[in-house]
Amino acid sequence: MAKVVCVLYDDPVDGYPTTYARGGLPKLKRYPGGQTLPAPKAIDFQPGALLGSVSGELGLRKFVESNGHSLVVTSDKDGPDSVFERELLDAEIVISQPFWPAYLTAERIAKANRLKLAITAGIGSDHVDLQAAMDRNVTVAEVTYCNSISVSEHVVMMILSLVRNYIPSYQWVVKGGWNIADCVARSYDVEGMEIGTVGAGRIGSAVLRRLKPFDVKLHYTDRHRLPEAVEKELGVTFHKTAAEMVPICDVVTINAPLHPETENLFDDKMIARMKLGAYLVNTARGKICNRDAVARALETGQLAGYAGDVWFPQPPPRDHPWRSMPHHGMTPHISGSSLSAQARYAAGTREILECWFEGKPIREEYLIVAGGKLAGAGAHAYTAGDATRGSEEAKSFKT
């Protein structure tokens with residue numbers, strides 16, 4: 001019998017939903033590029049339901065228990081007295097979401113003598129110390145592509161919200177005002193702007209495709225250059241490094257994985273290279289941007305706006321400066337956890353578990369670490385190392 005520990009975010013404050021705004025989801029067969037959607041043998045949930053919170057259980061309980069295994073679901077994940085810390089000691093499988101990450105540090109992996117598999121219900125496995133997973137022969141897998149388009153839509157929304165000054169304008173309406181001058185004093189058109197992405201993988205490329213109709217000039221940097229035909233199709237200019245690209249751009253969006261090469265990439269020095277009054281959007285990982293450098297740049301006007309969907313640690317302490325800095329458009333980590341995306345990553349998590357329990361190979365594109373080394377999607381996107389340092393700060397946040 002395997003013990004499965006699943007760490008999910010809390011239910012809504014008004015309780016788990018009994019009804020939903022829409023009756024269902026559009027049916028997709030493939031992702032852009034041809035990769036098929038998750039294909040478990042069956043699912044025990046209704047697509048469009050809230051699956052990522054504690055009561056939703058990713059739709060896994062019936063499946064796990066009917067196969068003779070045990071399932072522990074909790075949102076209590078941080079600190080030495082947390083439920084996660086206690087249940088981890090004899091867990092074989094840990095499931096976590098990037099939006100409410102169960103940080104699998106080297107110390108935690110060392111304590112978990114029976115741990116064999118860490119699944120990210122979503123994409124982005126930097127909350128796992130990948131080097132420690134390799135050293136201890138723990139397999140790490142995620143549901144590649146499940147919410148890439150979800151995130152790319154969020155990026156475009158954030159760019160438009162910042163440039164058009166949407167959030168303050170909405171707030172004037174809520175306050176009962178009609179303050180047109182206050183609203184438009186920081187409002188511009190996106191048309192004609194130079195927009196660049198750091199990272200042009202599944203998310204970054206989808207962002208470029210969605211921005212092209214806005215008649216903007218597109219740029220990108222990535223360690224894997226796009227095919228020439230794709231560059232011509234999108235009309236996008238390649239730059240070897242972020243430092244080379246950012247001085248040109250009015251808007252920079254970050255769509256790269258977190259690993260030692262990208263951690264703290266946007267520090268004071270990099271932000272100083274950006275155009276005065278540029279916008280920065282980060283839906284990748286919080287630690288790619290230096291927390292205090294971003295806040296300083298908004299205070300001085302070096303940045304006209306910052307919108308982010310990612311923080312470090314997650315959840316962030318209540319005194320995190322990104323909550324109170326000026327001209328921001330921060331959201332909790334929601335871009336990849338729409339109800340549409342949840343149906344895909346819940347199904348993908350079940351598919352991975354089915355393979356694991358039956359002793360069958362996990363899809364190559366789902367693998368991050370296997371056999372003591374980076375594998376599958378992980379070999380393409382990550383470098384060996386640890387991005388979990390400092391995660392203990394999360395314990396200071398109380399919901």
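Reader: Where does Asp215 lie?
Author: Asp215 is in the loop between H8 and E7. Helices (H or I, at least four residues) and strands (E, at least two) are DSSP runs, numbered from the N terminus. This is a predicted model, where local features need pLDDT of at least 70, side-chain atom pairs count only at pLDDT 80 or more, and totals for chains, interfaces and linings use all residues. Residues are numbered from 1 along each chain as its sequence is written, and side-chain values use heavy atoms, with hydrogens and water left out.

Reader: What is phi at Asp215?
Author: Near 60 degrees, a positive value in a residue other than glycine. Most residues other than glycine have a negative phi, and most peptide bonds are trans.

Reader: OK, peptide bonds then. Which bond at Pro313 is cis?
Author: The one from Phe312 to Pro313, with omega near -10 degrees. Pro313 sits in the loop between E11 and H13.

Reader: And what about omega from Gln314 to Pro315?
Author: Omega there is near 0 degrees, so that bond is cis by. Pro315 is found in the loop between E11 and H13.

Reader: Switching to sheets. What is the strand order in the six-stranded one?
Author: The order is E8-E7-E6-E9-E10-E11. The sheet is open, with parallel pairing. Two strands pair if DSSP finds at least two bridges between them.

Reader: Which strands are at its edges?
Author: Strand E8 (236–239) and strand E11 (303–308). Each pairs on one side only.

Reader: How are neighbouring strands turned?
Author: By 20 degrees against each other on average, direction ignored. Axes are lines fitted to C-alpha atoms, for helices over the stretch in contact, and angles run from 0 to 180 degrees between N-to-C directions.

Reader: How many bridges join E10 to E11?
Author: Five bridges join strand E10 (residues 278–282) to E11, and the two run parallel. Tyr279 stands opposite Gly305 in E11.

Reader: Which strands does H5 lie across?
Author: Helix H5 (residues 148–163) lies across strand E9 (251–254), E10 and E11. H5 runs at about 150 degrees to E10. Contact means heavy atoms within 4.5 Å.

Reader: And what does H8 touch?
Author: Helix H8 (residues 202–211) packs on the sheet and touches strand E6 (194–198), strand E7 (217–221), E8 and E9. The direction of H8 makes about 175 degrees with that of E7.

Reader: What about the seven-stranded sheet, what's its order?
Author: E2-E1-E3-E4-E5-E12-E13, open, with mixed pairing. Its edge strands are strand E2 (70–74) and strand E13 (373–374).

Reader: How do E3 and E4 pair?
Author: E3 and strand E4 (residues 117–120) pair in the parallel sense over four bridges. Ser96 has Thr120 in E4 as its bridge partner.

Reader: New topic. How many aromatic pairs?
Author: Eight. Rings of Phe, Tyr and Trp (its six-membered ring) pair if their centres lie within 6.5 Å; planes under 30 degrees apart count as stacked, over 60 as edge-to-face and the rest as tilted. Phe99 and Tyr345 form a tilted pair, 5.9 Å centre to centre with 35 degrees between the planes.

Reader: What does that pair tie together?
Author: Parts that are 246 residues apart in sequence, because Phe99 lies in the loop between strand E3 (93–96) and helix H3 (106–111) and Tyr345 in helix H13 (residues 339–358).

Reader: Last one, cavities. How many of 30 Å³ or more?
Author: Two. On a 1 Å grid over the protein atoms alone, a cavity is a set of points where a 1.4 Å probe fits but cannot get out; lining residues have an atom within 4 Å of a point. Grid points are joined across faces, edges and corners, and a volume is the space filled by probe spheres set on the points.

Reader: What is in the largest cavity's lining?
Author: The largest cavity has 14 lining residues, with Tyr103, Asp126, Arg285, Trp311 and Gln314 nearest its centre. Its space is about 110 Å³.

Definitions and conventions:
On a 1 Å grid over the protein atoms alone, a cavity is a set of points where a 1.4 Å probe fits but cannot get out, and a pocket is an open set with protein on both sides within 12 Å along at least five of seven lines; lining residues have an atom within 4 Å of a point.
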